[in-house]
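Hi there,

Have a look at it first, then read on.

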Amino acid sequence: MFRPDYYAPKLIFLSFLGNSAKRWATDFDSALSDVAKMNAQLPAGTPCIFMTTAPSYSKKITDLRIKAQANLKRAFDETGSQCSFIEGATPETVAANQGNTHYFRVNSKGKVKDPYHPNTKAAENFFMIAMDDICNAVYDQISAAMPDPVTE
């Protein structure tokens with residue numbers, strides 16, 4: 001995707017956490033290695049934002065993701081990543097999602113079918129809660145990538 005003369009993104013926005021959460025939560029070195037590999041593939045100087053996903057319905061799943069998120073954040077800090085890091089699981093987003101059947105698909109008896117993936121209503125609420133962090137990260141990344149008008 002990033003080979004020369006193929007694609008030159010103005011901003012890269014990555015958002016994920018789920019499938020590797022257990023690996024990253026239980027082994028900081030895995031998080032560090034994965035972030036270092038990701039950093040090596042990013043075009044130098046390209047604005048980049050990494051945001052972890054929204055909290056799940058289940059406390060057990062969310063707690064695991066919070067541990068993974070902490071290890072990822074530490075890995076981003078330790079590698080000196082060019083990406084801004086946004087925590088998707090915050091006290092506010094956890095309070096909004098965890099245990100809230102309104103934000104997850106339910107079966108005919110009202111029981112949550114998929115505790116991992118919030119629904120569209122949850123996504124709208126999640127992004128409303130996270131909007132300041134997202135906007136600040138976009139501003140920081142775009143500002144850092146712009147030439148300094150005084151020296152340019």
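In which loop is P47 found? P47 sits in the loop between α2 and β2. Before going further, two notes on how to read all this. This is a predicted model, in which local features need pLDDT of at least 70 and side-chain atom pairs count only at pLDDT 80 or more, while totals for chains, interfaces and linings use all residues. Residues are numbered from 1 along each chain as its sequence is written, and side-chain values use heavy atoms, with hydrogens and water left out.

Leaving aside neighbours within four places in sequence, P47 is in contact with K10, L11, I12, Q141, I142 and A145, where contact means heavy atoms within 4.5 Å. P47 and I142 are 95 residues apart in sequence, and their C-alpha atoms are 6.2 Å apart in space.

T46 has its place in that loop between α2 and β2 too. Its relative accessibility is 11%, so T46 counts as buried. With neighbours within four places in sequence set aside, the contacts of T46 are P9, I12, Q82 and Q141.

**The overall picture**

The protein has five helices and three strands, in the order β-α-α-β-α-β-α-α along the sequence. Helices (H or I, at least four residues) and strands (E, at least two) are DSSP runs, numbered from the N terminus. Taken along the principal axes, the C-alpha atoms fill a box of roughly 65 × 30 × 30 Å. Of the 152 residues, 37% are buried. Among contacts with a separation of 6 or more, 73% are between residues 24 or more positions apart.

The 14 residues of α2 (28-41) should span 20 Å at 1.5 Å a residue, and the end C-alpha atoms are 20 Å apart, which agrees. The expected span is 1.5 Å times one less than the number of residues in the helix. F28, S30, A31, V35, M38 and N39 are the buried residues of α2. Seen down the helix axis, the buried residues of α2 fall within an arc of 165°, so they line one face; the arc is that of the directions from the helix axis to the C-beta atoms. On the other side of α2, D29, K37, A40 and Q41 are exposed. The cover over the buried residues of α2 includes β1, α1 (21-26), β2 (48-51) and α3.

α3, with 21 residues, reaches 30 Å from its first C-alpha to its last, close to the 30 Å expected at 1.5 Å a residue. Buried in α3 are I61, T62, R65, A68, Q69, N71, L72, A75 and F76. These buried residues pack against α1, α2, β2, β3 (84-86) and α4 (91-97).

**The pockets**

How much space lies in the largest pocket? About 400 Å³. On a 1 Å grid over the protein atoms alone, a pocket is an open set of points where a 1.4 Å probe fits, with protein on both sides within 12 Å along at least five of seven lines, and lining residues have an atom within 4 Å of a point. Grid points are joined across faces, edges and corners, and a volume is the space filled by probe spheres set on the points.

The lining of the largest pocket has 17 residues, with G18, T53, R65, Y116 and H117 nearest its centre. α3 (59-79) and α5 (120-145) each supply at least two residues of this lining, and α3 gives the most, with four. By class, 10 of the lining residues are nonpolar, five polar and two charged. Here Ala, Val, Leu, Ile, Met, Phe, Trp, Tyr, Cys and Pro count as nonpolar, Asp, Glu, Lys and Arg as charged, and the others, Gly among them, as polar.

The second largest pocket holds about 180 Å³ of space. It is lined by 13 residues, and L14, F16, D34, M38 and F50 are the closest to its centre. β1 (12-15), α2 and α3 each supply at least two lining residues, and α2 gives the most, with four. This lining divides into 11 nonpolar residues, one polar and one charged.

Happy browsing!

Terms used
Buried < 20%, exposed > 50% of the residue type's maximum accessible area, 1.4 Å probe, protein only.
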